[in-house]
Amino acid sequence: MFAEIEAGRPEVAAAMAAPVRASLGVLASSAPDSPRRLDDLKAVARARLASASLRAEDVGQAFGVSARTVQAEFASAGETFAGWLLGERLDLAHTRLTASAWRSRSIAEIAAACGFRDPTHFHRVLRGRFDTTPGDLRPRR
């Protein structure tokens, strides 16, 4: 992580920190249903948002638990893994679409970098969430 910071990539270091913190939290927790477990699961998933194939099984594997356990943790908080994941990806896409640092990337590239396989689906769900199109979010040159 320090090498990434020194290389001028703090966002990479931050993405690496979340799963490390989550893993350490699991090791430090003696209770399997620790109140922080959901936060830890989310931290691991956030670090992998760009993976379009990310599943609850993948997140559970990082903790040695089943996909059903991951889904149950989300259900206990009144949400679903899939719904939470979509919301996180949309928030990330919104941030990137409005950032001048991402201006040179196409909307399709940003969608893919946020874990969306299909640009049409991306446009539809982003418009549904933010009531605007991806193009309208782009900073003007």
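F74 and W84 are both buried. The model is predicted. In it, the ring centres of these two residues lie 5.6 Å apart, with the planes at 50°, so the pair counts as tilted. F74 belongs to helix 5 (residues 67-76) and W84 to helix 6, so the contact ties together parts that are ten residues apart in sequence.

W84 also pairs with F81. This pair is tilted too, at 6.4 Å centre to centre and 35° between the planes. Both partners lie in helix 6, three residues apart, or about one turn of the helix. An α-helix has 3.6 residues a turn, so residues three or four places apart point the same way. F81, like W84, is buried. The structure holds four aromatic pairs in total.

Helix 6 spans residues 81-98 and also contains R96. The relative accessible area of R96 is 19%; the cut-off for burial is under 20%, so R96 counts as buried. Beyond residues up to four places away in sequence, R96 touches W102, I110, A113 and C114. W102 has a further arginine neighbour: R105 lies over the face of its ring, at 4.4 Å from the ring centre.

Helix 4 covers residues 56-63. Its buried residues include A56, D58, V59, G60 and F63. G64 follows just after this helix and takes a positive phi of about 70°.

Methods:
Residues numbered from 1 in each chain as written. Predicted model: local features only at pLDDT ≥ 70, side-chain atom pairs only at ≥ 80, totals over all residues. Heavy atoms only, no water. Buried < 20%, exposed > 50% of the residue type's maximum accessible area, 1.4 Å probe, protein only. Helix = DSSP H or I, 4+ residues; strand = E, 2+ residues; numbered from the N terminus. Contact = heavy atoms within 4.5 Å. Phe/Tyr/Trp six-rings, centres within 6.5 Å; stacked < 30°, edge-to-face > 60°. Lys NZ or Arg CZ within 6 Å of the ring centre and 35° of its normal.
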